[in-house]
Number of protein chains: 4
Amino acid sequence: MDELIIAGRSFKSRLMVGTGKFSSNTAMVAAMEGSGCEIVTVALRRVDIDNPGDSMLKHIDRDKYLLLPNTSGARDAEEAVRLARLARAAGCEPWVKLEVTPDPYYLLPDPIETLKAAQILVKEGFTVLPYINADPVLAKHLQEAGTATVMPLGAPIGTNKGVRTRDSIAIIIEQAIVPVVVDAGLGAPSHAAEAMEMGADAVLVNTALAVSPNPGQMGAAFKKGVEAGREAFLAGLGERRDKAEASSPLTGFLRD
Amino acid sequence: MDELIIAGRSFKSRLMVGTGKFSSNTAMVAAMEGSGCEIVTVALRRVDIDNPGDSMLKHIDRDKYLLLPNTSGARDAEEAVRLARLARAAGCEPWVKLEVTPDPYYLLPDPIETLKAAQILVKEGFTVLPYINADPVLAKHLQEAGTATVMPLGAPIGTNKGVRTRDSIAIIIEQAIVPVVVDAGLGAPSHAAEAMEMGADAVLVNTALAVSPNPGQMGAAFKKGVEAGREAFLAGLGERRDKAEASSPLTGFLRD
Amino acid sequence: MDELIIAGRSFKSRLMVGTGKFSSNTAMVAAMEGSGCEIVTVALRRVDIDNPGDSMLKHIDRDKYLLLPNTSGARDAEEAVRLARLARAAGCEPWVKLEVTPDPYYLLPDPIETLKAAQILVKEGFTVLPYINADPVLAKHLQEAGTATVMPLGAPIGTNKGVRTRDSIAIIIEQAIVPVVVDAGLGAPSHAAEAMEMGADAVLVNTALAVSPNPGQMGAAFKKGVEAGREAFLAGLGERRDKAEASSPLTGFLRD
Amino acid sequence: MDELIIAGRSFKSRLMVGTGKFSSNTAMVAAMEGSGCEIVTVALRRVDIDNPGDSMLKHIDRDKYLLLPNTSGARDAEEAVRLARLARAAGCEPWVKLEVTPDPYYLLPDPIETLKAAQILVKEGFTVLPYINADPVLAKHLQEAGTATVMPLGAPIGTNKGVRTRDSIAIIIEQAIVPVVVDAGLGAPSHAAEAMEMGADAVLVNTALAVSPNPGQMGAAFKKGVEAGREAFLAGLGERRDKAEASSPLTGFLRD
């Protein structure tokens, strides 16, 4: 069976969902349900991780979804590490989506601080899934540091531009020894399918679901897009060609 | 229910499949089955339409699939009209996918001869589905002539390049009064999804299935891609943005 | 010497300029001067071609620029032919840029009416330069009808999107027996350079110059862009590659 | 006058040229001459910097060109720093193009080691021009460390794919406090023009010149491409639009 395995844990779904920016918890749950996801990320600084009655957390069925806390909002390694430790102290599993984004306008990840935080957190026993620019050399450093995945961005977060970093993502996939999860910028199921067709192991989507007038249906659409791309990758895609090639040969009775 | 209606006939599937270039009839049937298609195109000059024992035709279950004869190989209106009439005379339903491609290298459609043939065939009572370049003005002429769809190409046939004619397809869709079926050039499920997300009513795929080592699985992948794109279109997609927008707001305890 | 030859007449410049939408005649002349163009198109319905004192025409030095009247605004072949005849009757040279654009929103050319008008005008002795969609088969029909060039669009007029019809333009160029002039949609010198690098014989620019705060400087920028692209085409461009190739070989004393 | 100023030194040309991979020193000099460049990069490990009779160096007129030694081939900060020091010890000016590329296949730069080397070299008084992935956060770190430029890649070196990192380059330019030089992947003058139109301060080209059958002419073509893009940027480019806008207004006597 075609399962996604991260840090020894296996998942049927290759679509992860973020929980930011939804208009309501109902909308968020609808998107999660529709998407068939098994991993949901939650911004640590937005929830009261200690409090089982936290308004967002109580909407997420922990038997069904792996809650992946993220360090969104951390501006350097120190802040990210602090957030991760707090989550573990509160009883979360030691998995963390590592985000270090010093720039408040584009929220792009910091390669230096991300690597630094990853090295610390791996040593402390965390399963680390770092969000990064589509930088193949950085991806290698992180894998050497022991991260469980690499999560290169397709385009700046929230832009809906799709896999604009295609050349670099292709190299990251070719060289990867852990799952590659394309994160950020995927605004439509076709974008998710494209990432999967390239051989990505999974994708993470948030904004596209949160801003849709119908998050449940959009979640279901992304589910199909991800599966479509994965299945096409496994079945084997054709090459791009410059010359046309007829679907039907040109001989035949018309010319006889 | 979200059905595709062509000339008063309704279809659940929005994926049409061509039957050229498959390595075997078994591979062809596998692709058809996997894709869930309800319409399959067959090149008139490749089959013996009079002969119920024709080796290809007998593999296609006529209760399950609408056989849409195409005029592939016709170099001008006269040849195309002749082929369509032969098919009807042989007992086919009077539906025809109109292809007029004088150029043997790129197999691009001829706007002049296609319109001429369409005008004749519509008058003769045919349901005409013309294959065209992504030309909005030609698409209008054909609709005024009474065609049942327009079928603009995404990229030259067999190139697997996807929706390279995006700007023109968008205009055709915006102005269409009949279903728009994107045909040719779609090499991956992400391409099919993209066309559907733009608001196309259906797509036609052939080469991508025929050249896949696993046509059945690729058919299934395209099925999901088409459905993903359609559902996303119905759910409402977000705009592309130039500035990032955080999935998680930037306030929070880290800064407190 | 590398000259552009149209209908037996030779030109040093491969950049044609349109005269619409300028804020003033001074701005228009500045753009023409900056661009080094030798051919300028003028919309017949905007000028009083009989009147040597017409406010726009008197700004164009007829010894320096070939005035190429265009049939902009014509919605069918009949209107286009009528405009062309009026221009000749008024003493213009029998050159005409043929534009037939029934759609008032996107101003896309009509393949059917354009071919019809071209056939009539060629027979009447006009030198015909037709504006067309990037349709290789139509381009062939027009050349067979005796047009002096074909002028496929890069993108819908006024959009500044560049050579979005790249695949089709490449085929048109490959098959052409007359000069190919890429017209419409070129919004920046890089777009003009790209068209020339592909092997186009010339380009026509209007909106990009007319909307610039500095039309003279923008004209000069396009001049260099066109020359850059032409020279690179002649010098021979490299292929796109998927693997990196070091500019500097990897042996050397570092590894010794 | 529109000059490029790097570390207080001013240049008229905004095109830098690399000296790798040329078929002969004659070809290299022809490209330099044609390009009008004032800065040429030389791989330190390929030349005998101590030896005034080195076969390559003696072809480069030091009164005309600033020789910018690069650390090409260095796999980590230590190797890069060592190379830079050797160059200075041999009497070179203390300018260095910093390249740290541990991966021998794609030659992509290492963000971690590049920053580390830059910090050391700046402290030692070098004028540092670092080659980097198109990573806006890394670019900021380098500028804070005191580098004289940042040199993000357009596409992996030697691929001729152009400005594929457009989104990130735009952010780097927007946030830069030092000149931004787009380096690597520029395979045609249109690519160089595009980078300049976006507001880049300069570009560096090597492979495209070295592999051309006519390096002198290709150098001249790039010179014009760079100037075209720069002038268009200064003159002010128009926005991309989705609707067509007629170059000629639609009123006129045809409709009267």
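Reply: Happy to! Let's look at chain D, where α2(D) passes α3(D) in a right-handed crossing. Keep in mind as we go that this is a predicted model. Helix α2 of chain D covers residues 77–89 and helix α3 of chain D covers residues 111–123. The two pack at an angle of about 35°, and their axes lie 8 Å apart.

Which residues make the contact? From α2(D) come Ala77(D), Ala80(D), Val81(D), Ala84(D) and Arg85(D), while α3(D) brings Glu113(D), Lys116(D), Ala117(D), Ile120(D) and Leu121(D). The numbering within each helix has a simple background: an α-helix has 3.6 residues a turn, so residues three or four places apart point the same way.

Chain D can be superposed on chain A by a rotation of 180° with 0.0 Å of shift along the axis, giving an RMSD of 0.0 Å. That is the relation of a two-fold axis. Within chain D, the C-alpha nearest that axis belongs to Ile112(D), at 3.0 Å from it. As for the surfaces involved, 100% of the interface residues of chain D are also interface residues in chain A, so the copies meet through the same surface.

Definitions and conventions
Residues are numbered from 1 along each chain as its sequence is written. Chains are lettered from A and ligands numbered from 1 in the order in which they are written. This is a predicted model: local features need pLDDT of at least 70, side-chain atom pairs count only at pLDDT 80 or more; totals for chains, interfaces and linings use all residues. Side-chain values use heavy atoms; hydrogens and water are left out. Axes are lines fitted to C-alpha atoms, for helices over the stretch in contact, and angles run from 0 to 180 degrees between N-to-C directions. Helices (H or I, at least four residues) and strands (E, at least two) are DSSP runs, numbered from the N terminus. A crossing is left-handed if the near helix is turned anticlockwise from the far one by less than a right angle, and right-handed if clockwise. Contact means heavy atoms within 4.5 Å. Copies are superposed by least squares on the C-alpha atoms of residues with pLDDT of at least 70 in both.
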